[in-house]
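Trainee: I would like to work through this structure with you. Where do we start?

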Amino acid sequence: MSPTLIVLGIETSCDETAAAVVDGSGNVLAHAVLSQMEEHAVFGGIVPEVAARAHLAHLDRLIAKAMTEAGVAFADLDAVGATAGPGLIGGVLVGVMSAKMIAAVHKIPFIAVNHLEGHALTARLTDHVAFPFLLLLVSGGHCQLLGVDGVGRYRRLGTTVDDAAGEAFDKVAKMLGLGYPGGPAIERASRAGDPKRFAFARPMKGRPGCDFSFSGLKTAVRVAVEGLPPGTISETDTNDIAASFQAAAVDSIGDRVRHALEMFSATSDGRTLVVAGGVAANTALRAELEKRACAAGFTFVAPPLALCTDNAVMIAWAALERFKLGMTDELDFKARPRWPLDPTAPPARGAGVKA
Ligand code: KG4
Ligand code: ZN
């Protein structure tokens, strides 16, 4: 790997505007991130039009900030990469147009990065994980298990048949009045709650394969909330429901991962389990995955929290990996709202589609 390569990465697919500069050895020279959390919190979720406008308003400044922090000029860049999908198309277009402009003006290659590949390859930057590896991708828009054989080479083993994992955390948090984003709020409330008080069924547990489902669990939580006398839901009730939900979700994911570890072992020499995406920030989930990986003789790798949620470092890194393999894109590359990592897998809501 040449240490002299320098790449700018841009992320605008959801509610984080971010720009990062990373070099060929994986040194993060700069990372500027602006969360739109406050803009969306008033609506209780992400509003695509609000997101696109906010990206447009802030991206140029964030790119300039990252370049200054990194101490590099545009002329020093070897390539520029941007998330070109999947995601909220208005935001994705803002990032893609900026990257194409920089590429055209400074005559450097443009790299269209799949946001999911950004998440998938992060562990190669942080922990030098070698191909092939088993990946659990759990975020607000996705929940899938993939065999990762190389850059751009993914085999989907399982996916959610309804909601994404993070989506379930966010919706349950909303039902409990815990605000947005729900994942961290549920995790906080869970710490003080009793995970055994509500015996929620573990979705898909024991079924063959490694698909996920969360909508039944979400409904069970709604029924439990509605079963409590109106107007009397105490903090203890809230904490107990949060803890019981989290326990069920984590247990269900653990069961699916156990199957995936078996499926992957039978078809691949890789013995590393990598977790990526925002829900990977969850401590209880990390502990469960570590346990499952260990029992199957796998090494478990979870990137640091800041690189699990959306960021531009992962986009710059994925662009670098592609650039090193000569995988650059034309300036007429079209941004994609949907872009599954494994194009041969049958279409499914949680695979390459943001909710
Ligand atoms: O990867 P990400 O930042 O954005 C997407 O690409 O979707 O993931 C965001 C998701 C949200 O649904 C959020 O609630 C969830 O990750 N999340 C968590 C935690 N932190 C973030 N879910 C559970 N526990 C957490 N600690
Ligand atoms: Zn993401």
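Predicted model: local features only at pLDDT ≥ 70, side-chain atom pairs only at ≥ 80, totals over all residues.

Trainee: Which residues come nearest to ligand 1?
Mentor: Start with the residues around the ligand. There are 20 of them. Those that come nearest are Gly140, Asp170, Gly183, Glu187 and Gly278.

Trainee: Which residue has a polar side-chain atom 3.0 Å from a nitrogen atom of ligand 1?
Mentor: Polar contacts are pairs of N or O atoms within 3.5 Å. His115 places a polar side-chain atom 3.4 Å from a ligand oxygen atom. Gly166 uses a backbone N or O atom, 3.2 Å from an oxygen atom of ligand 1. The side chain that lies 3.0 Å from a ligand nitrogen atom belongs to Asn282.

Trainee: How much of ligand 1 does the protein bury?
Mentor: Take the ligand alone to begin with. It then exposes 560 Å². Of that area, the protein buries 91%.

Trainee: Which element gives the largest share of the shell around ligand 1?
Mentor: The space taken by ligand 1 is the largest pocket. Elements that give two or more residues to the shell are α4 (115-127), α5 (165-175) and α6 (182-191). The largest share is 4 residues, and it comes from α6.

Trainee: How many residues of the shell are polar?
Mentor: Sort the shell residues by type. The nonpolar group has 4, and the charged group has 4. The polar group has 12.

Trainee: Where is the cis peptide bond with omega near -15 degrees?
Mentor: One cis bond joins Tyr180 and Pro181, with omega about 0 degrees. Pro181 sits in the loop between α5 and α6. Pro86 is in the loop between β4 (79-85) and α3 (89-106). The bond with omega near -15 degrees runs from Gly85 to Pro86.

Trainee: Which residue has a positive phi although it is not a glycine?
Mentor: Go to the loop between α3 and β5 (110-114). A residue there has a phi of about 55 degrees. That residue is Lys107.

Key
Residues numbered from 1 in each chain as written. Chains lettered and ligands numbered in written order. Heavy atoms only, no water. Near = heavy atom within 4 Å. Polar contact = N/O pair within 3.5 Å; in protein donor to acceptor, adjacent residues only side chain to side chain. Areas by Shrake-Rupley, 256 points an atom, 1.4 Å probe, with all protein chains shown as cover. 1 Å grid on protein atoms, 1.4 Å probe; cavity = no way out; pocket = protein on both sides within 12 Å on 5 of 7 lines; lining within 4 Å. Sits in = over half its atoms within 2 Å of the grid points. Nonpolar A, V, L, I, M, F, W, Y, C, P; charged D, E, K, R; others polar.
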